[in-house]
Amino acid sequence: PQQKTLAVIKPDAMEQHRESILEEIHGRGFSVTQLKEMVLSREMAEEIYKEHKEKPFFDQLVEFMCRGPCLMLILTKENAVEEWRDMMGPTDPDQAKVTSPNSLRARFASDILHNSVHGSSNEQHAKEKIQFIFGDISSDAELEGD
Ligand code: CMP
């Protein structure tokens, strides 16, 4: 079955790497179901990352995510959540360079905070964040009568 995930190209990667990342997304067989470029408000960034609220890096993270445009994407593919996480590689690019040198973060990220891309960590988060960012356009619930 097809699965959806939320992918984000973060502000640090927008100028230099956006096109390469999009090409690789298509090359890996994902469908880009929805795509939206936006500058996140503080409130939006806080909501997207609410699971990290207690982390010491939360404020830095929110600030960074608001500093310029992001590209928000809904990616559709079988096993999309895991496949996109695999494409991104580990959170920390220093680790990514060792364990997954072909991953996006190994090649494009500068450090653990400025790590170029985001992806939902599981299907439940994917559904919530997609609903939050894209609203009803993308809601499968409606189509399924749920
Ligand atoms: P992401 O996968 O989008 O999810 C949470 C984000 O917090 C992560 O990517 C990084 O941008 C950031 N992050 C995670 N761990 C750290 C850390 N130890 N220090 C600074 N930023 C971090």
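In the predicted model, Leu75 is in contact, beyond its neighbours within four places in sequence, with Lys4, Thr5, Ala7, Ile25, Phe30, Val32, Ala80 and Trp84. Leu75 also belongs to the largest nonpolar core, a set of 29 residues, in which Val8, Leu75 and Val117 have the most contacts. Two or more residues of this core are contributed by each of the strands β1 and β3 and by each of the helices α1 (11-27), α3 (58-65), α4 (80-88), α6 (104-108) and α7 (123-134). Strand β3 provides the largest share, with six residues.

The strands form an open sheet of four members in the order β2-β3-β1-β4, paired in the antiparallel sense. The edge positions are taken by β2 (31-38) and β4 (117-119); each has a single partner strand, and therefore one side of each is left without a neighbour in the sheet. On average, and with direction ignored, neighbouring strands of this sheet are turned by 20° against each other. The antiparallel pairing of β1 (residues 2-9) with β3 (residues 70-78) extends over eight bridges. Within this pairing, Gln3 has Lys77 of β3 as its bridge partner.

Conventions:
Residues numbered from 1 in each chain as written. Predicted model: local features only at pLDDT ≥ 70, side-chain atom pairs only at ≥ 80, totals over all residues. Pairing = 2+ DSSP bridges. Axes fitted to C-alpha atoms, helices over the stretch in contact; angles between N-to-C directions. Core = buried A, V, L, I, M, F, W, Y, C linked by C-beta atoms within 7 Å. Buried ≥ 20, exposed ≤ 12 C-beta atoms within 10 Å, placed from the backbone. Contact = placed C-beta atoms within 7 Å.
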